[in-house]
Amino acid sequence: MWLQEAATVILEQKPELKDREYGFTLVEVLIASCVLSIGILAVAFMQISAIQGNATACGITDASARAGELLEKFMSLPYNDPLLQDMDGDGYASDQDLDGNGVDDDDEGSQVDGILNFGLDDTGGEADYQQQGEGKCTLYWNVADNAGINNTKTIGVIVTWADRRTQRKASMKYIKAKGM
Ligand SMILES: [Ca+2]
Ligand SMILES: [Ca+2]
Ligand SMILES: [Ca+2]
Ligand SMILES: [Ca+2]
């Protein structure tokens, strides 16, 4: 509207000008506005995808940072700390690794408890511990006793986070020896 008014002002100020010299026509203004709008939209879409990209990166950075913090904490905890227990009883290797090769016998075809890898990969309700991290991160950890090496605890930390509509997962393992 203001462009129309501006055009009118020009028209009034310069009555000596011929029709075709009166600034921009309405069609020209409309075309210019369309071009400008498309440009603005393109920039807006670029920004949206940049923000989404950042959110993904933030998820991965955050997830690995949380898991790292947790592992550092575990290193400083005493061997029998309440946070380092096989809470649901599926991580005791003496019962599940009769051949003592460090591999859950379930993974080797024998039916022991039907849970693979001493429950170290468990998430959700199956995990020994669950903690809500910052952002969309959820941390789980499982503990297996004497898996492969006596007087050790194997601690498997799993972080899950939502990356747009996909659920992502990262895991880390730490073996803690008694007396260390
Ligand atoms: Ca367990
Ligand atoms: Ca085995
Ligand atoms: Ca098992
Ligand atoms: Ca479990």
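Which residue of β2 stands opposite Q132? It is T138. Before going further, note that this is a predicted model, in which local features need pLDDT of at least 70 and side-chain atom pairs count only at pLDDT 80 or more, while totals for chains, interfaces and linings use all residues. Residues are numbered from 1 along each chain as its sequence is written, and chains are lettered from A and ligands numbered from 1 in the order in which they are written.

**Confidence and layout**

The predictor's confidence in each residue is called pLDDT and runs from 0 to 100. Its average over the protein chain is 86, and 84% of the residues score at least 70. Helix α1 (residues 2-13) has the lowest confidence, with a mean of 59, whereas strand β2 (residues 138-145) has the highest, at 96.

Three helices and four strands make up the list of elements in the protein chain. Here helices (H or I, at least four residues) and strands (E, at least two) are DSSP runs, numbered from the N terminus. Read from that end, the order is α-α-α-β-β-β-β.

**The sheet**

The four strands form an open sheet in the order β1-β2-β3-β4, with antiparallel pairing. Two strands count as paired if DSSP finds at least two bridges between them. At the edges lie β1 (129-132) and β4 (166-177), each of which pairs on one side only. Strands of a sheet pair through backbone hydrogen bonds, either parallel or antiparallel.

| Hairpin | Residues between the strands | Residue with positive phi |
|---|---|---|
| β1 and β2 | five residues | G135, near 65 degrees |
| β2 and β3 | six residues | N146, about 55 degrees |

Four bridges join β1 to β2, and eight bridges join β2 to strand β3 (residues 152-163).

**Inside the protein**

Is β2 largely enclosed or open? Seven of its eight residues are buried, so β2 is largely enclosed by the rest of the structure. A residue is buried if 20 or more other C-beta atoms lie within 10 Å of its own, exposed if 12 or fewer, and partly exposed in between, with C-beta atoms placed from the backbone. Across the 180 residues of the protein chain, 19% are buried.

A nonpolar core is a set of buried Ala, Val, Leu, Ile, Met, Phe, Trp, Tyr and Cys residues joined through C-beta atoms within 7 Å. The largest one has 19 residues, of which A67, L139, W141, A144, V157 and V159 touch the most other members. Helix α2 (26-76), β2 and β3 each supply at least two residues of this core.

Let's look at two of these core residues. A67 sits in helix α2 and is buried, with 21 other C-beta atoms within 10 Å. Leaving out residues up to four places away in sequence, A67 touches L139, V157, V159, A170 and M172; such a contact means that the C-beta atoms, placed from the backbone, lie within 7 Å. A67 and A170 are 103 residues apart in sequence, with their C-alpha atoms 8.7 Å apart in space.

A144, setting aside its neighbours within four places in sequence, is in contact with D86, G91, A93, F118, G119, L120 and T154. In the protein chain as a whole, 51% of the contacts with a separation of 6 or more are between residues 24 or more positions apart.

Notes: Two residues are in contact if their C-beta atoms, placed from the backbone, lie within 7 Å.
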